[in-house]
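I opened the notebook on a metal site and a helix.

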Amino acid sequence: MSLDTLYREVILDHYSHPRNRGVVEPADVVRDGANPLCGDEIRVSLRVRDGVVEDVRFEGKGCSISQASASMMTERVKGRPVEDARRTIAAFKGMMHGEQAPGGDDLGDLEALQGVRKFPVRVKCATLSWITLELALDELGTA
Ligand code: ZN
């Protein structure tokens with residue numbers, strides 16, 4: 001199986017079977033994001049306890065890239081320290097903009113989304129949920 005095929009399957013799997021879909025209740029913060037260029041909409045809700053993302057969920061509609069990326073994002077940061085989440089956000093955004101992640105952070109399955117870089121318009125689809133999560137964390141004042 002080629003890497004492209006493998007990546008496509010990872011994205012399709014998350015799109016067809018989204019992880020952590022819904023709204024966290026009770027949530028500490030709920031944040032909406034939109035990518036008007038493509039019509040993607042994302043709502044990210046989360047609860048943080050003792051500096052750890054205890055629960056994070058998303059709802060939304062839009063293209064497969066935006067929804068799969070949101071699903072992968074929740075899977076990646078749930079149960080992890082906010083500090084780690086922020087590092088992953090930075091590494092992911094860096095990867096999508098063609099930068100080498102500092103310290104060579106292993107993004108695992110998230111690397112499936114790097115093929116999107118070939119389509120600059122879609123980069124916003126992939127980063128939407130991550131930017132929304134970052135704004136939600138900022139709102140919590142957990143920087
Ligand atoms: Zn999109």
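My entries on the metal site and the helix follow.

I worked with a predicted model, where local features need pLDDT of at least 70, side-chain atom pairs count only at pLDDT 80 or more, and totals for chains, interfaces and linings use all residues. Residues are numbered from 1 along each chain as its sequence is written, and side-chain values use heavy atoms, with hydrogens and water left out.

**Zinc site.** I looked up the donors (N, O and S atoms within 2.8 Å of the metal, 3.2 Å for Na, K and Ca; water is not among the atoms, so sites may look incomplete). Cys38 (SG), Asp40 (OD), Asp40 (OD), Cys63 (SG) and Cys125 (SG) coordinate the zinc ion at 2.1 to 2.7 Å. I noted the donor spacing as C-x1-D-x22-C-x61-C. Cys63 sits in the loop between β3 (52-61) and α2 (64-77), while Cys125 is in helix α4 (residues 120-140), 62 residues apart. Helices (H or I, at least four residues) and strands (E, at least two) are DSSP runs, numbered from the N terminus.

**Helix α4.** I found a kink of about 45° in α4, centred on Thr127; the bend is the angle between axes fitted to the seven residues ending there and the seven starting there. Just after α4, Gly141 has a positive phi of about 70°.

**Aromatic pair.** Which rings are stacked? Rings of Phe, Tyr and Trp (its six-membered ring) pair with centres within 6.5 Å; planes under 30 degrees apart are stacked, over 60 edge-to-face, the rest tilted. I counted one aromatic pair. Phe92 and Trp130 have ring centres 4.4 Å apart and planes at 20°, so the pair is stacked. Phe92 lies in helix α3 and Trp130 in helix α4.
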